[in-house]
Amino acid sequence: MIEKARKYLQEYFGYPSFREGQREIIENVLEGKNTLGIMPTGGGKSICFQIPALCFEGVTLVISPLISLMKDQIDALNTIQIPATYINSSLDWIEIEERISMARQGEYKLIYIAPERLGSGDFLERLGRMDISMVAVDEAHCISSWGHDFRPSYRLISKLMDSLKPRPIVTAFTATATKEVRFDINDLLSINKRDTFITGFDRPNLNFKVITGEDKREFIEEYLEVNKDDSGIIYANTRKEVEALYEFLKGKDYKVGKYHGGMNHQERKAIQEGFIYDKLKIIVATNAFGMGIDKSNVRYVIHHNMPKNLEAYYQEAGRAGRDGEFSECILLFSPADIRIPKFFIDQSNLSGERKEYEYEKLQRMVDYSYTNQCLRHFILDYFGEMGMGEGCDNCSNCNGSNELEEVTVEAQKILSCVYKLKGKFGVGVVAGVLKGSKRKQILNRNLHKLSTYGIMSGYRIKDIKNMINFLIAEGYIILTNSKYSVVKLSSTASPVLKGEKKVYHKVRDKVTKISVKDELFESLRKLRANLAEEEKVPPYVIFQDSTLKELASKLPSDKDQLLKVKGMGIVKYRKYGQIFLEEIEKYLDKKRKRASRRAKGDETPSHMISCKLYQDGKTVKEISKDRGLATTTIESHLIRGASEGLELDLVSLVPEDYKKLIISKLKEDDTGKLKPIKEALPDEVSYFHIKIMKNYA
Ligand code: ADP
């Protein structure tokens with residue numbers, strides 16, 4: 001059976017081999033055993049139930065919490081000709097009836113349903129009449145109240161299983177690895193513990209960075225300036241922060257969208273689609289965004305604030321780089337951020353024991369932010385994967401800058417100012433005093449009389465604040481947790497003030513470009529965007545970036561070579577193979593021509609070459625074919641040549657029947673605009689013809 005599965009993997013999905021864990025899970029499922037698969041986000045869970053669904057007789061029910069994404073998931077399956085559909089509240093009852101009746105006739109291999117549906121006895125009864133071989137539970141942690149996304153309707157799955165006769169196989173998938181959640185899933189879905197597969201949590205293509213004590217907006221701005229062409233998500237902890245950051249970036253003209261629970265369904269859907277369809281490059285969001293977004297080319301995930309634990313962090317950060325390409329996960333840490341998740345735990349109505357558990361997890365997240373160890377090891381260790389050996393060489397602690405800058409004098413100035421303010425003020429006032437600000441808040445309280453007033457007047461207020469944040473992060477200054485946070489000295493400040501200890505600040509690495517794209521990659525991306533537009537599916541459903549990248553580097557020239565490219569199965573080859581081969585050939589042709597021109601030392605501008613060929617008696621069509629350029633490009637070359645004074649007989653290119661008509665329309669319109677004239681003429685008359693009659697007749 002596994003051979004059949006491997007064949008499907010190649011034919012439908014275009015992948016030559018299973019990833020770590022996929023083969024074991026699929027084998028277990030194919031042996032008819034209930035199975036739980038725990039894989040990191042982006043690890044490849046979907047294939048673990050989609051391929052068995054193809055191997056089994058009958059239909060597989062997929063329980064998924066994400067109604068808004070079901071359509072895209074189904075589109076992706078239909079694109080590779082896997083018969084699948086979904087049933088959720090976006091359909092009216094006639095459509096639902098139709099789909100159920102088609103399912104009964106065996107028309108689908110997979111049906112995605114929302115768990116809420118299972119509340120209806122009538123619906124369960126209808127499902128009972130289908131031939132269901134497997135029930136696959138996606139995002140299975142939603143069944144556990146220990147999980148971070150508990151959904152009561154997931155508990156209805158047990159009811160579904162009891163109602164189906166014979167009882168189908170259950171498979172469950174999640175990225176949450178904590179023991180509590182795992183055991184809950186085992187229990188509630190009757191999956192044996194020995195049929196639980198926890199696959200490697202490492203995502204080698206993700207680069208992890210923690211950036212501490214920096215001005216966050218300044219960093220984000222610098223980052224986007226360099227990486228504005230790539231897709232990314234910026235997470236913030238509160239709606240208010242999302243709104244503020246969104247306005248800031250929008251004001252800078254970025255293609256940005258916002259997403260949080262305070263927006264209505266329509267708005268959220270539009271933003272999600274804008275992102276999936278590559279119309280919006282950046283999403284600023286709370287953690288409400290992203291579950292199930294399987295957009296594969298998210299190149300970076302920046303956390304503007306620290307999330308409440310490492311599970312949430314790894315899940316959110318893991319939305320980067322599903323296509324296996326290099327991507328960045330950046331945590332912008334400031335100690336003040338601990339307050340919000342702590343506040344949420346404080347205010348929750350969890351039991352004392354559960355609160356302790358959540359505090360502990362929050363502390364591990366804080367430890368991650370401060371650690372000097374390899375960040376990847378820290379995460380994997382947390383998820384129970386030990387023994388990774390040396391550092392990963394792909395995180396800010398392993399290969400970030402080692403350059404240190406001494407800031408002892410600045411630290412002493414700040415620390416003495418904090419001391420003089422006697423723990424009564426926050427970061428803003430301390431920075432204002434050091435800068436020598438004339439703000440009322442400072443003058444009214446006579447703070448301008450302090451000896452530290454204005455001792456850092458040469459610094460920008462922003463840089464002073466950054467430095468204070470850095471000293472907080474290093475533990476020299478304590479930020480209190482009260483409602484109006486104030487700062488005071490910790491015991492470690494004293495040796496610095498006495499000149500016994502020096503303070504060093506790690507110089508942050510310059511932001512670099514995440515991905516370098518070349519000319520062919522860009523034209524393949526355009527071709528993919530056009531196809532996606534025609535088929536009304538997200539671009540990554542046609543091909544992932546990684547496939548385009550491989551096409552652009554391997555330059556396949558025939559079917560055999562094309563089928564070796566990852567992501568190019570036979571189904572996609574039949575649909576798109578030829579058109580992509582043609583695009584590659586067009587690019588190579590252009591390159592060859594450029595090279596031969598260079599070899600001949602022929603630096604003649606392109607339009608002059610077209611004009612020369614035209615003067616030699618070739619038609620526009622012939623020139624277009626010879627040069628591998630569009631006819632409209634050749635036409636614009638000829639117009640440009642004529643405007644530069646070349647002797648070209650262009651009037652003969654205008655159909656005789658229309659010449660007079662064009663002239664009369666040109667005379668009637670004195671706006672100088674061509675559009676109204678074009679609209680007033682028959683379709684056969686092109687802009688090219690009008691321009692000729694206007695300027696050269
Ligand atoms: P998850 O649901 O675990 O977050 P997905 O199922 O969306 O992850 O898979 C993540 C990406 O990995 C998808 O783009 C998928 O096409 C790709 N993928 C899955 N299995 C393989 C494989 N065996 N070889 C190459 N790519 C794969």
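**Figure 1. Contact between domain 2 and domain 3 in the predicted model.** In this predicted model, twelve residues of domain 2 are in contact with 13 residues of domain 3. The area buried between the two domains is about 980 Å², and carbon and sulfur atoms give 46% of that area. On the side of domain 2, the residues that lose the most area to domain 3 are G213, E218 and R339, which together account for 44% of what that side buries. Taken over C-alpha atoms, the centres of domain 2 and domain 3 are separated by 29 Å. In the division of the protein chain, domain 2 covers residues 206–399 and domain 3 covers residues 404–506.

**Figure 2. Polar and charged pairs across the interface of domain 2 and domain 3.** Two salt bridges are found across this interface. K462 forms a salt bridge with E218, and the closest N and O atoms of this pair are 2.8 Å apart. Two residue pairs are in polar contact across the interface of domain 2 and domain 3, both at pLDDT 80 or more. Helices α13 (339–347) and α16 (396–399) are the elements that give two or more residues to the side of domain 2 that touches domain 3.

**Figure 3. The six-stranded open sheet with strands β8 to β13.** The strands are arranged in the order β8-β13-β12-β9-β11-β10, and their pairing is parallel. Strands β8 (206–212) and β10 (256–259) stand at the edges with a single partner strand each, so one side of each has no neighbour in the sheet. From one strand to the next, the twist averages 15°. Strand β8 runs parallel to β13 (residues 327–333), and seven bridges join these two strands. F208 stands opposite C329 in β13. Helix α11 (residues 265–276) packs on this sheet, where α11 touches β9 (231–235), β10, β11 (282–285) and β12 (298–303). The direction of α11 makes about 140° with that of β10.

**Figure 4. The seven-stranded open sheet with strands β1 to β7.** Parallel pairing links the strands in the order β3-β4-β2-β5-β6-β1-β7. The edges are formed by β3 (84–87) and β7 (196–198); each has a single partner strand, so one side of each is left without a neighbour in the sheet. The twist averages 20° from one strand to the next. Within the sheet, four bridges pair β5 (residues 132–137) with β6 (residues 169–174) in the parallel sense. The bridge partner of A136 is T171 in β6.

**Figure 5. Backbone geometry at P166 and E139.** Most residues other than glycine have a negative phi, and most peptide bonds are trans. The peptide bond from K165 to P166 is cis, with omega near -5°. P166 is found in the loop between α7 (156–163) and β6. E139, a residue other than glycine, has a positive phi near 50°. E139 lies in the loop between β5 and α7.

Note on methods: Residues are numbered from 1 along each chain as its sequence is written. This is a predicted model: local features need pLDDT of at least 70, side-chain atom pairs count only at pLDDT 80 or more; totals for chains, interfaces and linings use all residues. Side-chain values use heavy atoms; hydrogens and water are left out. Two strands pair if DSSP finds at least two bridges between them. Axes are lines fitted to C-alpha atoms, for helices over the stretch in contact, and angles run from 0 to 180 degrees between N-to-C directions. Contact means heavy atoms within 4.5 Å. Domain bounds come from an automatic or database domain assignment. Buried area is the accessible area (1.4 Å probe) that two parts lose on being put together, summed over both. A salt bridge is a side-chain nitrogen of Lys or Arg within 4 Å of a carboxyl oxygen of Asp or Glu. A polar contact is a pair of N or O atoms within 3.5 Å; within protein, one must be able to donate a hydrogen and the other to accept it, and residues adjacent in sequence count only if both atoms are side-chain atoms.
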